[in-house]
Amino acid sequence: AFGLVDCLRRRFPRGMKWLRRVMLACLCLLLAAMIATSVWIGLCASGADEPEAEYLIVLGAGVNGSVPSLSLRERLEAALAYLERYPQAVAVLSGAQGSGEDITEAQCMFDWLTARGIDENRLIREEKATRTRENLRFALGLIEERTGTRPETVAVVSSEYHLCRAELYAKQLGVRALGVPAHTTWLTLRINYQVREIFGVWVALLTG
């Protein structure tokens, strides 16, 4: 776009000069908004100081056949640590079956956690959600079916870069989310996903 403006400067010197200034101002505003959103995501990434809750929602991620992907395994490790720390908590495992997956993400999480000693009676499978908003909405619906009321507070396990958007969606659904971060192994992946999350947060704000 700036190259096109430069090409047209000879024909429309005054107009292109002002257009270039407007474009630079817009670019600066965009970068400032991205930096501010990235800081917000970073602040949410550490999770809640005391995330104890009656219910834990574990947000799904990819499954390779029937084996959890790296991202999903990281979330499962965080969920396992949480369930061991809070033995009264019940977990809702949320995620449908996607392309390249032999089983639902919820079933994969159920198999992984029960294989590591978590009582299956503490696990609820939610197998319809395909997006973050659906993960939370459907999981909250199952809790409401089970108890007769929607909880005011739930704990939510997801990758640290994803907690900001998850907490935002939960707030839009009328629930306070206590973030439980799953730490991303590879720094390059975290940076890549965090940049993507900036736009995900904007979409969440605009569609909320």
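**Entry 1: strand S6.** I began with S6, residues 153-159, and found six of its seven residues buried, so I noted the strand as mostly covered. A reminder to myself: this is a predicted model.

Which strands does S6 pair with? On one count, S1 (residues 55-59) pairs with S6 in the parallel sense over three bridges. On another, S6 and S7 (residues 176-182) pair, also in the parallel sense, over seven bridges. I then followed Val157 of S6: Val58 stands opposite Val157, and Val157 stands opposite Val180 in S7. From S6 the chain passes through helix H6 (residues 163-172) to S7, and I logged this β-α-β crossover as right-handed.

**Entry 2: cysteines.** How many disulfides does the structure hold? I found zero. Cys26 is in none, and its nearest cysteine sulfur, that of Cys28, lies 9.4 Å away. I have Cys26 down as partly exposed, with a relative accessible area of 45%.

Cys164 was my next stop. Its nearest cysteine sulfur belongs to Cys44, at 3.9 Å, and Cys164 is in no disulfide, because the cut-off for a sulfur pair is 2.5 Å. Buried or exposed, I asked of Cys164? Cys164 is buried, with a relative accessible area of 2%.

**Entry 3: helix H2.** Cys44 sent me to H2, residues 13-44, which has 32 residues. I read 47 Å from its first C-alpha to its last, close to the 46 Å expected at 1.5 Å a residue. Which residues of H2 are buried? My list is Met16, Met23, Met34, Thr37, Ile41 and Cys44.

**Entry 4: the cores.** The largest nonpolar core has 29 residues. Leu56, Val58, Tyr82, Leu83, Leu93, Leu113 and Leu123 have the most contacts inside it. I checked which elements give two or more residues to this core, and they are S1, H3 (70-85), S4 (90-94), H4 (105-114), S6 and S7. H3 gives the largest share, with seven residues.

Leaving aside neighbours within four places in sequence, I found Leu93 in contact with Val58, Ala106, Met109, Phe110, Leu113, Leu123, Ile124, Arg125 and Glu126.

There is also a second, separate core of 25 residues, and Ile41, Tyr55, Val154 and Val156 are among them. Ile41 was already in my notes as one of the buried residues of H2.

Notes. Residues are numbered from 1 along each chain as its sequence is written. This is a predicted model: local features need pLDDT of at least 70, side-chain atom pairs count only at pLDDT 80 or more; totals for chains, interfaces and linings use all residues. Side-chain values use heavy atoms; hydrogens and water are left out. Buried means under 20% relative accessible area, exposed over 50%, partly exposed in between (1.4 Å probe, protein chains only). Helices (H or I, at least four residues) and strands (E, at least two) are DSSP runs, numbered from the N terminus. Two strands pair if DSSP finds at least two bridges between them. A crossover is right-handed if, with the strands pointing away from the viewer, the path from the first strand over the helix to the second runs clockwise. The expected span of a helix is 1.5 Å times one less than its number of residues. A nonpolar core is a set of buried Ala, Val, Leu, Ile, Met, Phe, Trp, Tyr and Cys residues joined through side-chain atoms within 4.5 Å. Contact means heavy atoms within 4.5 Å.
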